[in-house]
Amino acid sequence: MQEVRGVIARAKGAPVEVATILVPEPGPGEAVVRIQACGVCHTDLHYREGGINDDFPFLLGHEAAGIVETVGDGVTDVAPGDYVVLNWRAVCGDCRACRRGRPWYCFATHNATQPMTLTDGTKLSPALGIGAFVEKTLVHAGQCTKVDPAARPAAAGLLGCGVMAGIGAAVNTGGVGRGDSVAVIGCGGVGDGAIAGARLAGAAKIIAVDTDPRKLEWARGFGATHTVNAKESDPVAAIQDLTGGFGADVVIDAVGRPETYKQAFYARDLAGTVVLVGVPTPEMTLELPLLDVFGRGGALKSSWYGDCLPSRDFPLLIDLYQQGRLDLDAFVTEEIALDGVEEAFTRMHSGDVLRSVVIF
């Protein structure tokens, strides 16, 4: 058992705090990872606000890179000293999705079985089965994906959630191809990841939509060819105007609200694709004329984690980063200490950052 410092959320809506965490030695199939960097993701804020579930207290953090310190019995894919990006899709290999050759839909992903606790024995719920706002964390070994150790931890760790979700929404879920037109609604970290993914896939026209001029400028840096300020013009009409009156081949909703989803639905071309990657809250509902759903054809998809397969996608994207073809560093707005997470949530709310990253 090791004592380390980590960030927890004790109760719904309460400010997070730094506490002493007890991390057990890894059991069969588990690994202890010394965290080097962890991004502050909006999902962590969802946990703090009770938007995921009520299993408080939570050990927050999940977009992380670090070094494997120890492993338990039966672990062969990683070893002490390996540089890894943590993932929350440790595929089981045996569920109905995995058996059908679709492991990115795995329905029984692995997590560590032993709990991390507070010093009084209170069990912690690790965010997305990881819990990485902590000096060391216990995870299932399958949650550790080896990547090039030359990659900067602050940048590499972002593949653990938001950036991968965005890139995958475009490339994996949306199937963006060469010459396609793409619109992305919401230009935070996930939306800009989708823009970067669309550029990597060879999209000819990439339209960024947001209400914040700063975010629209950031979007241009990631590859947007056109921008639309939704406060100044109707985004549906603007996207249609920029695509010859037809609408985009792929429209990605990186906000996750009924209003933005409807915009995405009507801003796509006939037989086009809508991808929902922004996370709605439980009370949200959507109403669309069923005739429009039928008559427009195409596909309405949701994208969990960018439909990624970490063992396939993380090393590839790190290689592209190392080659200068994917600017992961541009997502890192600031590097902060462990006790700066609460302030980072505030800056996230105000739209001042793409990513704050905790550096250990």
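Student: In which strand is T145 found?

Tutor: Please keep in mind throughout that this is a predicted model. T145 is found in strand β10, which covers residues 144-146. Its relative accessibility is 7%, and because buried means under 20% relative accessible area, T145 counts as buried. If we leave aside the neighbours within four places in sequence, the residues in contact with T145 are Y83, V84, V85 and N87, together with P310, S311, F314 and P315.

As background, two packed helices are described by the angle between their axes and the distance between the axes. Here helix α4, residues 162-173, packs against helix α10, residues 310-322, at an angle of about 105 degrees, and their axes are 12 Å apart. Angles of 65 to 115 degrees count as roughly perpendicular, and therefore α4 is described as roughly perpendicular to α10. Sorted by class, the contact of α4 with α10 has four nonpolar residues, one polar residue and two charged residues.

For the wider setting, we can turn to the sheets. In general, the strands of a sheet pair through backbone hydrogen bonds, either parallel or antiparallel. Six strands form an open sheet with parallel pairing, in the order β13-β12-β11-β14-β15-β16. At its edges stand β13 (226-229) and β16 (299-302), each with a single partner strand, so one side of each is left without a neighbour in the sheet. From one strand to the next, the twist in this sheet averages 20 degrees. Strand β15, residues 268-276, pairs with β16 in the parallel sense over four bridges, and L276 stands opposite S302 in β16.

Another open sheet is formed by five strands in the order β7-β2-β1-β4-β8, and its pairing is mixed. Its edges are taken by β7 (117-118) and β8 (125-126), and because each has a single partner strand, one side of each is left without a neighbour in the sheet. Within this order, strand β1 (residues 2-9) and strand β4 (residues 58-59) run antiparallel and are joined by two bridges, with I8 standing opposite L59 in β4.

Methods: Residues are numbered from 1 along each chain as its sequence is written. This is a predicted model: local features need pLDDT of at least 70, side-chain atom pairs count only at pLDDT 80 or more; totals for chains, interfaces and linings use all residues. Side-chain values use heavy atoms; hydrogens and water are left out. Axes are lines fitted to C-alpha atoms, for helices over the stretch in contact, and angles run from 0 to 180 degrees between N-to-C directions. Angles under 35 degrees count as roughly parallel, over 145 as roughly antiparallel, 65 to 115 as roughly perpendicular and the rest as oblique. Ala, Val, Leu, Ile, Met, Phe, Trp, Tyr, Cys and Pro count as nonpolar, Asp, Glu, Lys and Arg as charged, and the others, Gly among them, as polar. Buried means under 20% relative accessible area, exposed over 50%, partly exposed in between (1.4 Å probe, protein chains only). Contact means heavy atoms within 4.5 Å. Two strands pair if DSSP finds at least two bridges between them.
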